Structure formats: C-alpha cells, structure tokens
Amino acid sequence: MDRQTFEAELARDGYTCVENSMAANHHNPDHTHDFSARLFVLSGQISVTFDGSTKTCGAGDTFALQAGVLHAEQVGPDGVEYVAGRK
C-alpha cells in the first residue's frame, strides 16, 4: 500500500489523519487508547506488543489497533515517522 491509498482509506472510513514521529529507542509501556488507530510507517521502525505477540512495522507497513486494547510500543534505533488515523 502507498501513502495516498492509505490516506484515502482513512478518509473513507471516517478517521482523522495526522503525521507524527517518535524519537529513536522511545518506549511507551503498556497503555490503551480511547480511539481506534491505523498507522502507515513512512520511515524507521516501530514494534507494538499486544495479546502476547509483537508486530514490527517498517517503511510501507500498516498496522491497526482497536480502542481499548492494552499494548506497548518500542521504536527502533532510527526513530519512526508515520501517518496515523484516529477514530
């Protein structure tokens, strides 16, 4: 998937779209969000751990997480830039 397609799907599905980044090696311990989220990684890497497994995403990868899901985030050594949709 490319960024244009990802953002078009966000708009179609009623998500608010923002571009964001996190610093190298940043760690967010277990937490939840009161919104559902979709990510499209522009550069770098992020790993999300939930339900006993970890999904690692790099440039061009997408990821979705429903509201209320307990998860942790670990950013790679080069940081991460991404487009996020929230709903």
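Four salt bridges are present in this predicted model. Begin with arginine 3 and glutamate 19. Their closest N and O atoms are 2.7 Å apart. Arginine 3 sits in helix H1 and glutamate 19 in strand S1, so this bridge ties together parts 16 residues apart in sequence. Now colour by accessibility. Arginine 3 is partly exposed, at 32% relative accessibility. Glutamate 19 is partly exposed too, with a relative accessible area of 48%.

Next, select arginine 12 and aspartate 13. They form a salt bridge, with 2.8 Å between the closest N and O atoms. Arginine 12 is exposed: its relative accessibility is 59%, and the cut-off for exposed is over 50%.

Aspartate 13 lies in the loop between H1 and S1, while arginine 38 is in strand S3, so the pair ties together parts 25 residues apart in sequence. Now select Arg3, Glu7 and Glu19 together: salt bridges with shared partners join these residues into one network.

Go to the ends of H1, which covers residues 3-12. What caps the N-terminal end of H1? Select aspartate 2: one of its side-chain oxygens lies 3.3 Å from the backbone nitrogen of glutamine 4, capping that end. After H1 comes glycine 14, which has a positive phi, near 80°.

Turn to the aromatic rings. There are two aromatic pairs. One of them joins phenylalanine 50 and phenylalanine 63 edge-to-face, at 5.8 Å centre to centre with 65° between the planes. Phenylalanine 50 belongs to strand S3 (residues 37-50) and phenylalanine 63 to strand S5 (residues 62-65), so the pair links distant parts of the chain, 13 residues apart. Is phenylalanine 63 buried or exposed? Phenylalanine 63 counts as buried, at 10% relative accessibility, because buried means under 20%.

Finish at the largest pocket, which holds about 250 Å³ of space. Select His33, Ala37, Leu39, Glu73 and Tyr82. Of the 19 lining residues, these are the closest to the pocket centre. Which elements give two or more residues to the lining? They are strand S1 (16-22), strand S2 (27-31), S3, S5 and strand S6 (71-86). S6 supplies the largest share, six residues. Colour the lining by class to see 11 nonpolar, six polar and two charged residues.

Methods:
Residues numbered from 1 in each chain as written. Predicted model: local features only at pLDDT ≥ 70, side-chain atom pairs only at ≥ 80, totals over all residues. Heavy atoms only, no water. Phe/Tyr/Trp six-rings, centres within 6.5 Å; stacked < 30°, edge-to-face > 60°. Helix = DSSP H or I, 4+ residues; strand = E, 2+ residues; numbered from the N terminus. Buried < 20%, exposed > 50% of the residue type's maximum accessible area, 1.4 Å probe, protein only. 1 Å grid on protein atoms, 1.4 Å probe; cavity = no way out; pocket = protein on both sides within 12 Å on 5 of 7 lines; lining within 4 Å. Points joined across faces, edges and corners; volume = space filled by probe spheres on them. Nonpolar A, V, L, I, M, F, W, Y, C, P; charged D, E, K, R; others polar. Polar contact = N/O pair within 3.5 Å; in protein donor to acceptor, adjacent residues only side chain to side chain. Salt bridge = Lys/Arg side-chain N within 4 Å of Asp/Glu carboxyl O.
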